[in-house]
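Dear colleague,

Please find below the structure that I am handing over to you. My notes on it follow directly after the display.

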Amino acid sequence: MSATGQDGGITPLAARGAGERRSVGDGGNVCAAWGVVLGMRAMTYAEYGEPSTMALTDAPMPKAAPGAVVIRVERASVNPVDWKVMSGGLDGLIEAVFPVIPGWDVAGVVETVGPDTPEFTPGDRVASYGRTDIIHGGTFAEYVALPATSVAAIPDGVDMDAAAGLPLVGLTALRSLETLELTADDTLLIHAASGGVGFLAAQLAREVGATVIGTASAHNHEKLQAIGVTPVTYGDGLVERVREIAPDGVSAVADFVGGVREDTLELLAEGGRHVSIADPSVEETGGRWVWVRPDGPRLRTLLQKVADGALRVEIDRSFALADAAEAFEISRAGTANGKLLIDATR
Ligand SMILES: NC(=O)c1ccc[n+]([C@@H]2O[C@H](COP(=O)([O-])OP(=O)(O)OC[C@H]3O[C@@H](n4cnc5c(N)ncnc54)[C@H](OP(=O)(O)O)[C@@H]3O)[C@@H](O)[C@H]2O)c1
């Protein structure tokens, strides 16, 4: 183990094989960098950088503080924010304490509960969008500790893949539509309707009864049509293409990609509302910059919709924990067709 240098003093994982877990309270050797008992495999990075600098390491077992649960991770999911955080892109907004275990989405089983945490019991199947105020102990690990308020029980009939792919994107979609106060009378334009957030927002908007127009690459048009969305190709000429479908403009716009503010303003009818999750400048023109919050109860509502068949989470593929950097590269390239998952059991 090196105490300095590129790995930042984290112990690279060599002694233990993939899939070999320790249970909570299991002792072990002591890692000087963390100053605590080692306990689990985790992907970590010691400073901001490229995805390839992430490494599989031994990390301390997280503790179940009062009001918190420790989750044995089965699946995590990748979101663009994970590699944006790793690049240092959110440094002005959220404090990072290195070494960092990335990842905010998780599905797994409750291992232990903290004092006075009656909401959950060891053995419960749960999911969470587990962003905390400090970036440090994420979900790309065998275990993660999270406040019970961000955790939701997974209903029967929802598998770990769908439960892990849902939290961040589902809660963002819901918060965006709630901020828009969307109703059945609306015609909603969704920029990036085929992405993680967009595809869920499109389904939720259709459930409300709104008319939905969604931008996507041509190869994704069929999948949007299948959920009752009128697809249009993004890029030059977008305003004209949308006007062919909605000559009077649209009453609401949800921007899930950024860089489309002028098109949005041209297409919004008088009194229209708009939100963006990717462009803070919308606030200068009467829009709202939406930032998703952890919310266990709302996540439970979304999971129930998945159980009821009212909401479908698209999964692209899953990666072993040690291959998380590859998943980051695919997410960054924008070539995934559905959620990219990290399987923490491999
Ligand atoms: N503020 C928040 O709380 C919040 C929450 C979640 C996500 N975000 C941000 O929102 C963005 C989307 O997240 P995501 O998870 O949905 O990403 P994603 O799953 O990677 O989807 C991105 C989508 O963008 C589409 N796209 C690419 N270029 C486009 C363009 N010029 N115009 C319209 N669509 C375009 C792609 O559609 P095709 O594949 O059809 O080409 C792709 O499906 C990311 O920047 C993410 O960091 C913010």
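Arg288 is found in strand β17, which covers residues 288–289. Please bear in mind that the model is predicted. Leaving aside neighbours within four places in sequence, Arg288 is in contact with Thr179, Val275, Val282 and Glu283. His274 and Arg288 are separated by 14 residues in sequence, and their C-alpha atoms are 6.6 Å apart.

**The chain as a whole**

The protein chain contains nine helices and 19 strands. It has 346 residues, of which 49% count as buried. Taking the contacts between residues at least 6 apart in sequence, 67% join residues at least 24 apart.

**The shell around the ligand**

Which residues come nearest to the ligand? Of the 28 residues around it, these are Ala192, Gly195, Gly196, Ser217 and Tyr234. The elements that contribute two or more residues to this shell are α1 (80–86), α3 (167–180) and α4 (196–208). Sorted by class, the shell has 15 nonpolar, 12 polar and one charged residues. Domain 1 (11–166 + 313–343) and domain 2 (169–289) each supply at least three residues to the shell.

In soluble globular proteins, nonpolar side chains tend to be buried together. In this model the largest nonpolar core has 102 residues, and Val69, Ala127 and Ala201 are those with the most contacts inside it. For Ala201, the contacts beyond neighbours within four places in sequence are with Ala173, Ser176, Leu177, Ile190, Ala254 and Phe256.

**Helix α9**

In helix α9, which spans residues 324–333, the buried residues include Ala324, Ala327, Phe328 and Ser331. Seen down the axis of α9, its buried residues fall within an arc of 105 degrees, and therefore they line one face of the helix. Just after α9 comes Gly334, which takes a positive phi of about 75 degrees.

With kind regards

Note on methods
Residues numbered from 1 in each chain as written. Predicted model: local features only at pLDDT ≥ 70, side-chain atom pairs only at ≥ 80, totals over all residues. Near = placed C-beta within 6 Å. Helix = DSSP H or I, 4+ residues; strand = E, 2+ residues; numbered from the N terminus. Nonpolar A, V, L, I, M, F, W, Y, C, P; charged D, E, K, R; others polar. Domains from an automatic or database assignment. Contact = placed C-beta atoms within 7 Å. Buried ≥ 20, exposed ≤ 12 C-beta atoms within 10 Å, placed from the backbone. Arc of directions from axis to C-beta. Core = buried A, V, L, I, M, F, W, Y, C linked by C-beta atoms within 7 Å.
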